[in-house]
Amino acid sequence: MNTLLEVSGVSVSFDGFRAINNLSFQIAEAELRAVIGPNGAGKTTFMDIVTGKTKPDEGRVFYGDRGDNLLGMSESRIAQIGVGRKFQRPTVFEDQSVFANLMMALRKRRSPLSVLFFKPSQEDNDKVAELAGEIGLSSALHRKSGELSHGQKQWLEIGMLLAQEPRLLLVDEPAAGMTPAEREHTTDILREAAKTRAVVVVEHDMEFVRRLNCKVTVLHEGSVLAEGSLDHVTKNEQVIEVYLGR
Amino acid sequence: MSDVAVGPVRKPLALRFPSVMVFLAILALFTLGVTILSEGFGVGVISTSFVKTLGKTLCLCLVALAMDLVWGYCGILSLGHMAFFGLGGYAIGMWLMYARTEIIVLESLAAAELPPTPQEVSDGIASQIFGVVGASEFPPIWAFAHSLPLQLAAVVLVPGLLALVFGWLAFRSRVTGVYLSILTQAMTLALSLHLFQNDSGLRGNNGLSGLQNLPGLSEMPQSAVSLWFFWASAVALGLGYLLCAWVVSGKFGSVIRAIRDDEARVRFLGYPVEAFKLAVFTLTAVIAGIAGALYYPQAGIINPAEVAPIASIYLAVWVAIGGRGRLYGAVIGAAFVSLLSTWFTGGQAPDIRLGFYTISWVDWWTVLLGLSFVCVTLFAPKGIGGLVDLFIDRYTPDRHGADLGPDQGALREQEAET
């Protein structure tokens, strides 16, 4: 399978603290990958680097068929070429309706002029309705997203990500604060999404990772400690010592 | 907010936003009423100077709309938009002064035996205009002052270009929040300090005056001129309102409100946030410039104090008191506060005698304004416009699909019905 994202020798320090230390790994197209690790292992910083929020001190990040270097690009450019990100805390635009949130995320031209003269076609409306169905918010389409429950906001955000049609989806702790039923649904959404694109899930919850049933990368102190199936990494002595043993 | 619904059913703008129709109807009735009561074309109940005050108020409402768009919708607290307003006024003022002085100079030179050369005419105009600052030559920025179309273009282009360059520098460096506000204050302060200098080419602290006298229309009485400007201001406000309503209605409005609420998130959706901010900043600067160009011929005089930092702060106060994030709120705030201010500072408000001290409103008005600003910020963040919600909510209480409880564990509407 082709490599979609290659992180190569990336390091970054904040005020002398090495958050990411010579991190290298690859993600293939249409792969579901879980990234686990104790607090401060650099999971979120890794996402910040890929999405352009943080500029690393050294290293390179290649993306796509042509191997574009993501490090020189702005956040919005990276998002436009197909990297979507879901934050830990659900961040939807609470003042606006579910419909408006999804419509904004829909993959369309992003320049101010084309947005100003944008008129949603029937196709766009159907697309939004379909997405709302997928995330179980069909009946809430015209409610303000601020009124939704925590779990519904998480889904709305996932729906917005799917609307962007990213090739690489970075998901930060999707199950945080969800009820068991909501977790189940979230697993389904993610596994479905990973059939057509690469999905990287950062998660604390081992049960959730087990249900995803995918390759796992363990981060520790900013670099890769182990990689493989969940059973494989949980047998690793070092992993048990730094993470699971505690 | 009542007028932010973006639904899958696209109805005409006016139907999706009934507030637009209501606003335009009220504006039309108001214009008609003032015309009927005016001295110029009506029964003469409203004096010409009050017609001018009302016309100026409409211009202030227009610049408040611009402020609401940039602050209330896009979240950029610009404290420099009155600089663009002033620049629009200066641009039109230059032509008004030039053209009127030209007529006077030509009249006086007509008595001479030889017809005057263009150089003599130009020198005559220059010494008339700039004698007050001890100069007798035209500064380079007056190169287009003879041409009304060019100066009208300047009304739009000068504020627009300044906003474009300033905004590009500020937004590109990701200056946001209070730092951006300070930067815009610095811009308007720098502009007013520059204009205060006699060699700025715009007559220093004298400013441009006599702007109420339209060149070539000396026979038309001020009572008629004031009404023409009043009508023009009303039309500009109506068109400005339609433009702003259109801008905030669709996806563009969605995106700029999203930028206001969570800029970083919008970036990760792939929108070039800086380009959007720059577009809104520049558009609103142009609207402010046009409002200024209509305001100052009614005021008759423009001087550098008009672009002092305090003017832009007042603008923000109007919008805050009126209710930001809704277009009619900005208009209500600007009209209400500026008219009240005229009343208080005009000496018409009765003083309050406390025996040991007399509260004279001319001095105490700013204190009252400051207090009401603090109170609105603390206790009624929706401003005067928020009162409209109380009215609308009484008629639209039914919200289907809403949870009956705060989370999924609570009983839902479907369950409650079965």
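User: Which residues of helix 14 of chain B do Ser341(B), Phe344(B) and Thr345(B) meet?
Analyst: This is a predicted model: local features need pLDDT of at least 70, side-chain atom pairs count only at pLDDT 80 or more, and totals for chains, interfaces and linings use all residues. Residues are numbered from 1 along each chain as its sequence is written, with chains lettered from A and ligands numbered from 1 in the order in which they are written. Helices (H or I, at least four residues) and strands (E, at least two) are DSSP runs numbered from the N terminus, and a contact means C-beta atoms, placed from the backbone, within 7 Å. Those three sit in helix 13 of chain B, and across from them in helix 14 of chain B are Trp361(B), Val362(B) and Trp365(B).

User: Which helix of chain B does helix 3 of chain A cross within 10 Å, at roughly 95°?
Analyst: Look at residues 98-105 of chain A, where Ala100(A), Met103(A) and Met104(A) make the contact. Their partners are Lys251(B), Ser254(B), Val255(B) and Ala258(B), and the two helices are therefore roughly perpendicular. The partner, residues 251-261, is helix 9 of chain B.

User: How many residues of helix 3 of chain A are buried?
Analyst: Buried takes 20 or more other C-beta atoms within 10 Å of a residue's own, exposed 12 or fewer, and partly exposed lies in between, with C-beta atoms placed from the backbone. The buried residues of this helix pack against helix 5 and helix 6 of chain A, together with helix 9 of chain B. Phe99(A) and Asn101(A) are among the buried ones, and the count is eight of eight.

User: Which helix of chain A gives the largest share of the side that touches chain B?
Analyst: The contact takes 34 residues from chain A and 31 from chain B. Helix 2, helix 3, helix 4 and helix 6 of chain A each give two or more residues to the chain A side. The largest share, five residues, belongs to helix 3.

User: Which strands stand at the edges of the open sheet in chain A?
Analyst: The four strands run in the order 2-1-4-5 with antiparallel pairing, where a pair needs at least two DSSP bridges. Strand 4 and strand 5 of chain A pair over two bridges, and Tyr63(A) has Asp68(A) in strand 5 as its bridge partner. Each edge strand has a single partner, so one side is left without a neighbour in the sheet; the edges are strand 2 and strand 5.

User: At about what angle does helix 1 of chain A run to strand 2 of chain A?
Analyst: Helix 1 spans residues 43-50 and lies across strand 1, strand 2 and strand 4 of chain A. Its angle to strand 2 is about 65°.

Note on methods:
Axes are lines fitted to C-alpha atoms, for helices over the stretch in contact, and angles run from 0 to 180 degrees between N-to-C directions. Angles under 35 degrees count as roughly parallel, over 145 as roughly antiparallel, 65 to 115 as roughly perpendicular and the rest as oblique. Two residues are in contact if their C-beta atoms, placed from the backbone, lie within 7 Å.
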